[in-house]
Amino acid sequence: MTARRQALLTLAAGALGRPAEALAAAAPATPTQARWLREFQPSTLSAAEQLRELQWFAQAAEPFRGQRIKVLSEIIDTHVYESRTLARAFSELTGIQVEHELLPEGDVVRRLRAQLFEGQPGYDAYVNDSDLIGTHWRYGRTEVLSDWMQGEGREQTLPSLGLRDFIGLAFTTAPDGRLYQLPDQQFANLYWFRHDWFTRPELQRRFQARYGYPLGVPLNWSAYEDIARFFSEDLRTLDGRRVWGHMDYGKKDPSLGWRFTDAWLSMAGQGSPGYPNGLPIDEWGIRVEQCRPVGASVARGGGTNSRAAVYALERYLDWLRRYAPPEAREMDFNQAGPVPGQGQIAQQVFWYTAFTAAMARPGLPVNHADGRPKWRVAPSPHGAYWRDGMQRGYQDVGAWTLARELPLERKRMAWLYAQFCVCRTVSLKKSLTGLTFIRESDIRSDAMTRLAPRLGGLVEFYRSPSRVYWTPTGANVPDYPQLAELWWQHIGRATRGERTPQQTLDGLAADMDAVLERVGRAQSGPCAPRLAPLGTPSAQAPTQAPVDEKPPGRTIAYEQLLRVWQLGSDVK
Amino acid sequence: MNRPLLARRHALVATLAGLGGGAWCADAPLLLAGESLPPFTFERERAPAGLHWELCERLMQGLGRPVRWVQMPWRRALLDMEAGQLDGIIGTTRGHLNEREAQMLFANEPLSHVSTHFVSLSSRPFRFDGLFMLRGMRVAVLGGYAHSPDFMAAGYFQRQTASSHRQCLRMLLAGRVDVALVDLAATRYFIHAEQGGERLFVDPHPVGRGQLLLGLSRSARHQELATQFDAALRAFKRGPAYAALLKRYGLQRADVEALA
């Protein structure tokens, strides 16, 4: 055995995942600790274990008492809870004042970039998506947490953190086998639909008569399109209200871009088979050789402007125009998220489960009076170019990230707060509030079992072995902030009718290549981008070869899908 | 494959086929396939053995249905099932999308719950706390089985494929790998039955879990039998004979029951 392997084994036997019982025996709770323990119920820890964790935080923070830190994350319910409740709790329990700021995701990425690459003063920690793993890994401007926990951050690392309990740890581990970010909230992109409408016998009969197959969860885009037409054009009204068979958003805004890099292209079938992302071509259309990005345009062997990508954009534009409420064209991610909850949408092809908490609120027309949902979630349908082995869906984890250049003391304080936001003492309560689960223990908890009937299949999805096949942007993307900026601006031209889909993606692919070339000059090493010569043959024939883009629609009964999530565990 | 068993199976299939399609004779022995997977199903002194085999033999006997076993790899068993040559498969699953339900009827009560764990030498115990901890390591894994895609896709450690759990553990004991990712019950059986087992450390945290079931042929109309077997298995697991059976294979209930 090599010395390195021995060292690793020693580390493995170290302090990373000791149970809460291993913490020092708790002293009696102070009034402040007792008050916050009441807030953090239910928990997967016993009250004594929770108290030990709180007291550990107080002790570890003692050298920093009276100081102040500032952190930034995007605007979703989970972070609202952190900002309003956990930041206050941490301040009262440790004496470190926390300003937990919330901004739209696009601004989070811009500010992170400005701090890391332009030296602008910013925040002591960020919750930013693991989509940036390729950026953090290549630039080395953020702390490597697996090293940090054994080094400068060791004394501030919660002994009962329990990393193995985090379901998204693989997303924040780079190809070098190092952990760069600590998961804080996780959500997937799934198909959303009105189960109560889909199961109405008269609607089932009409759909069957009109389209020749059962109304059910669509397995392909043909079926999705038929269902969209059925509600938006054939029915138009239901129970006296205008209804729509599709929902999306089209405002020229950063969130428009990640809609495409998250879902539209991959689910259309633009990209190679591969896990967690297509190889050699990922869902952004970037081609990599080994770990080196070599181009996004078809001319350089990529897929950003391939036929499959153009097909995705065509469908997006067509469905948005024909089947979604007209106001959707001027909405962004945050504005569009709550719309299905208003009761006029029959289905949404790509729905971020980060909106589950908002969707499950009592009193909404999409929920029964007793709180049970009239809606369900299911896997999103596949486009005509999709083949087995391609990405099945998108899932990302927002994760704590520390800028390397910060003063050590500030990083240590921020690290303490980051762990506080994900420790088991608070995690189940936070999960029940924001419904963006990060820990296996929370997902398997009795409290989650009791809540599951109100969440439309979300808990079943997270308990199923299928969940690992929903993956985020991978390490192929060498500079997420720069490349993501291109997408929304180009797609926005298509939504405004200024360019055709092909022109749009040709322009995007050319700009992607240009940015990759520029990034390649800023990065070094074997994984830095280096453009392939023009004329590189694309190995991604399926996305270029013509296929029947409107095959027969196929649907499946929701109950059958649910059983797959409940029982479909296969080791053979 | 064991030749005498193969010959017997073909003879049996021929005989049964002669009875006319799926019209299986009610008192004919059921032909069940299983792979060599100690301690669940394996051959010992030219006779079938194993926890799952004994459960099937004993409970089916109680239901008035004698059984015969044929050893074959699980993929081949599925093909033979599809071809109508088997009454059932011992230790199978519903398939990733429950697709095997189209061919098989399942006793809902699993023969065993299974879980995979990292096993290391007790002199250098490995406690799993995330895949990143495997960086730079050599890991023995069982070939032909689906492990977590995260585990299979990670490029920062080496996976070394073995043909059996036993071989994985032997590679570990020989120092050819740093850790082995193996089934818990198989490890317990290895520790029980083989030399060197006392040198192994089993990380208590499972990294994968599932169920192994008895699947019976849908075409042979074993619906009622599947239901009866399910009830008999549930009842048997509650009794003392089950604990005694587990003990013979070096197992405890916790090794083959659902994890909390």
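The model you are looking at is a predicted one. A:Gln290 sits in the loop between strand 8 and strand 9 (292-295) of chain A. Its backbone is worth a look too: A:Gln290 is not a glycine, yet its phi is positive, at about 60 degrees.

You can find B:Glu45 in the loop between strand 2 (42-44) and strand 3 (47-49) of chain B. B:Glu45 counts as exposed because it has 5 C-beta neighbours inside 10 Å.

While we are looking at loops, two peptide bonds in chain A deserve a stop. The bond from A:Gln41 to A:Pro42 is cis, with omega near 0 degrees, and A:Pro42 belongs to the loop between helix 2 (31-39) and helix 3 (47-60) of chain A. Another cis peptide bond links A:Leu279 to A:Pro280, with omega at about 10 degrees. A:Pro280 is placed in the loop between helix 11 (254-268) and strand 8 (287-289) of chain A.

A loop position can also be buried, as A:Asp165 shows. This residue lies in the loop between helix 7 (145-148) and strand 4 (182-194) of chain A. A:Asp165 counts as buried because it has 22 C-beta neighbours inside 10 Å, where the cut-off for burial is 20 or more. Leaving out residues up to four places away in sequence, A:Asp165 touches A:Arg439, A:Glu440 and A:Ser441. As for A:Ser83, 82 residues from A:Asp165 along the chain, the C-alpha atoms of the two are separated by 24 Å.

Now turn to a helix. A:Ile227 is part of helix 10 (residues 221-235) of chain A, and this residue is buried, since 28 other C-beta atoms lie within 10 Å. Apart from residues up to four places away in sequence, A:Ile227 touches A:Leu215, A:Pro218, A:Gly245, A:Ala346 and A:Gln347. Take A:Gln347 from that list: it is 120 residues from A:Ile227 along the chain, while their C-alpha atoms are separated by 8.3 Å.

Stepping back, we can see how chain A is divided. The domain assignment gives domain 1 (26-185 + 395-470) and domain 2 (188-252 + 311-388 + 550-567). The centres of these two domains of chain A, taken over C-alpha atoms, are 33 Å apart. Where they meet, 20 residues of domain 1 of chain A are in contact with 20 residues of domain 2 of chain A. On the domain 1 side of this contact, helix 16 (424-434) and helix 19 (458-463) of chain A each supply at least two residues. The largest share of that side, three residues, comes from helix 19 of chain A. By class, the domain 1 side has nine nonpolar, eight polar and three charged residues.

Among contacts in chain B between residues at least 6 apart in sequence, 70% join residues at least 24 apart. Chain B is divided into domain 1 (3-112 + 209-256) and domain 2 (114-208), with 28 Å between the domain centres, taken over C-alpha atoms. Here 12 residues of domain 1 of chain B are in contact with 13 residues of domain 2 of chain B. Strand 12 (208-217) and helix 9 (253-256) of chain B each supply at least two residues of the domain 1 side, and strand 12 of chain B gives the most, with four residues.

Within chain B, look next at a pair of helices. The axes of helix 5 (residues 165-173) and helix 6 (residues 184-193) of chain B come within 10 Å and cross at roughly 65 degrees, and the crossing is right-handed. B:His165, B:Arg166 and B:Leu169 in helix 5 of chain B meet B:Ala186, B:Thr187 and B:Phe190 in helix 6 of chain B. These contact residues divide into three nonpolar, two polar and one charged.

We finish in the largest nonpolar core. Of its 234 residues, A:Tyr417 and B:Ala180 touch the most other members. Helix 12 (residues 307-323) of chain A contributes the largest share of this core, 10 residues. Leaving aside neighbours within four places in sequence, B:Ala180 is in contact with B:Val119, B:Ala140, B:Cys168, B:Leu169, B:Met171 and B:Leu172.

How values were computed
Residues numbered from 1 in each chain as written. Chains lettered and ligands numbered in written order. Predicted model: local features only at pLDDT ≥ 70, side-chain atom pairs only at ≥ 80, totals over all residues. Axes fitted to C-alpha atoms, helices over the stretch in contact; angles between N-to-C directions. Left-handed = near helix turned anticlockwise from the far one by under 90°. Contact = placed C-beta atoms within 7 Å. Nonpolar A, V, L, I, M, F, W, Y, C, P; charged D, E, K, R; others polar. Domains from an automatic or database assignment. Core = buried A, V, L, I, M, F, W, Y, C linked by C-beta atoms within 7 Å. Buried ≥ 20, exposed ≤ 12 C-beta atoms within 10 Å, placed from the backbone.
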